[in-house]
Amino acid sequence: MESMKLTEIASALGADPENYTAAEITGVTLDSREAGEGSLFIAVKGDRFDAHDFVPDVLARGAAAVCERKIDGASPDRVIYVPDTRRALLRLAKYYRAKFDIPVVGLTGSVGKTTTKEMVAAVLSQKYKTLATQGNFNNEIGLPKMCFKLDSSYEAAVFEMGMSGFGEISRLTDTARPTIGIITNIGVSHIEMLGSREGILKAKMEILEGMPDSAPLIINGDNDLLPKGVEGIPNPVVVCGITCKEADCRAENIRQLQDSMSFVINYRGSRYDVNLPAVGMHNVYNACIAFACGMLLNVTPEQAVRGLSEYVPTGMRQKIVRKNGITVIEDCYNASPDSIKASLRVLRDLDCSRRIAVLGDMKELGSYSRAAHLECGAEAAANGTDVLLAYGPEAAAYVEGAEGKIPTALHFDDKRELVMKLCSMLREGDAVLFKASRAMKLEEAIESVYEVIGE
């Protein structure tokens, strides 16, 4: 972060700068443990705590603060009072982001946001020093934190934008002010809050509210809702896809290898060979979007191809691990019907003797939950799954949806029993997919299985 005077920050938040010291602020934090001399502590209330309780302590350590309520005994020239500290955080981040005249990519979508963000960053990093959203910093707390990581050394930024309801993307895009927008797809994640896929589309389209009319929007042209959804918008639209004949950036000659995807990108009539170190057709879509983004920002095709070849999957997102002749797909960071289906197709296309799917509950689906789990169970059967092990209260519908078409389909309420059953049947040549919503903590099962099968 570049330093700012406390007086400047006060002015940005609508306070009279003459009432404050000209102290240098070199960091903004919401964690009182990090607050000290030179930092600004923003006291945000949580569900189980009120950060205002820590303000006297951070002031004693030399920090300044932004608060909603009066702090007894606090020096008035180091505490900025605002009606809403969460809104103040966004407002200050917006002010700070505006200091940097660099390309900023804003990215949202139902699934694939993080993977696409990483691929975009891999492509842009071939030409620019690029800041990219870290971890799950894609909400109204995390995105401002990422904005404050900008400094004069960065030449581009890629900000992921998540949401669970209307208005969130609007506030995030107003803060980040993207010069390029990306919508990966419209699925059913958060349908409980948004009511329908059309509602999800409407919420994702809020990204345009923070973009100038001249800023391009990159979309997946094979998604059934996006092409019509962008009709009539003033922004230039760049279409990516595989089957879409009108795509500006299209993947052709696609082959899934053991650990990678080989394909040709046809970008506006020119063709480029790509080898992507990730599997699945969904990752081909993500790569096309990243390539197109690079073209818009004057990355050469050769640099873009090299960036995609250097992409490294992060966390527990479809990471392929091999131990003692068994292939494991670690993909339990999150789950939705769309991502479950994509992972099952990856499992289907692996070169293995037997396909085992360990599927846990999908969350945040509301009244659609049972139908979604039934649908994914049927999808497992349709993709040639040999063994289906379902875990969690909602997951029983996976087995029901398979309709007896999978030779072994079992449901478990106990994770330990699931692990014991899986380990008893594993043999060399098997491929195992672990997929569930983050709340199911399926990584614990993976760790237990590794302890049994060894290296």
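Q: Which strand is Asn253 found in?
A: Asn253 is found in strand 13, where a strand is a DSSP run of E with at least two residues, a helix is a DSSP run of H or I with at least four, and both are numbered from the N terminus. This is a predicted model, in which local features need pLDDT of at least 70 and side-chain atom pairs count only at pLDDT 80 or more, while totals for chains, interfaces and linings use all residues. Residues are numbered from 1 along each chain as its sequence is written, and side-chain values use heavy atoms, with hydrogens and water left out.

Q: Why does Asn253 count as exposed?
A: Its relative accessibility is 54%, and exposed means over 50% relative accessible area, with buried under 20% and partly exposed in between (1.4 Å probe, protein chains only). So Asn253 counts as exposed. Asn253 also has a positive phi of about 50°, although it is not a glycine.

Q: What makes Asn298 exposed?
A: Asn298 has a relative accessible area of 58%, so it is exposed. Asn298 sits in the loop between helix 10 and helix 11, and this non-glycine has a positive phi of about 65°.

Q: How do you know that strand 13 and strand 14 pair?
A: Pairing takes at least two bridges found by DSSP, and strand 13 (residues 249–256) has six with strand 14, in the antiparallel sense. Within that pair, Cys249 stands opposite Tyr267. The two strands are joined by a hairpin through four residues.

Q: What joins strand 14 to strand 15?
A: Seven bridges do, and the two strands run antiparallel. Phe263 has Val274 of strand 15 as its bridge partner. These strands form a hairpin too, with two residues between them, and Arg268 in the turn has a positive phi of about 50°.

Q: Why is strand 14 called largely enclosed?
A: Seven of the seven residues of strand 14 (residues 261–267) are buried, so the rest of the structure largely encloses it. Both faces are covered: Met261, Phe263, Ile265 and Tyr267 are buried on one side, and Ser262, Val264 and Asn266 on the other.

Q: Why are helix 12 and helix 13 called roughly parallel?
A: They pack at an angle of about 10°, with their axes 10 Å apart. Axes are lines fitted to C-alpha atoms, for helices over the stretch in contact, and angles run from 0 to 180 degrees between N-to-C directions. Under 35 degrees counts as roughly parallel, over 145 as roughly antiparallel, 65 to 115 as roughly perpendicular and the rest as oblique. Helix 12 and helix 13 are therefore roughly parallel.

Q: What makes Ser343 buried?
A: A relative accessible area of 1% makes Ser343 buried. Ser343 is in helix 12 and, leaving aside residues up to four places away in sequence, touches Gln318, Asp331, Leu433 and Lys435, contact meaning heavy atoms within 4.5 Å.

Q: What makes Ala93 buried?
A: Ala93 has a relative accessible area of 0%, so it is buried. Ala93 lies in helix 3 (residues 85–97) and touches Pro144, Cys147, Phe148 and Thr175, not counting residues up to four places away in sequence.
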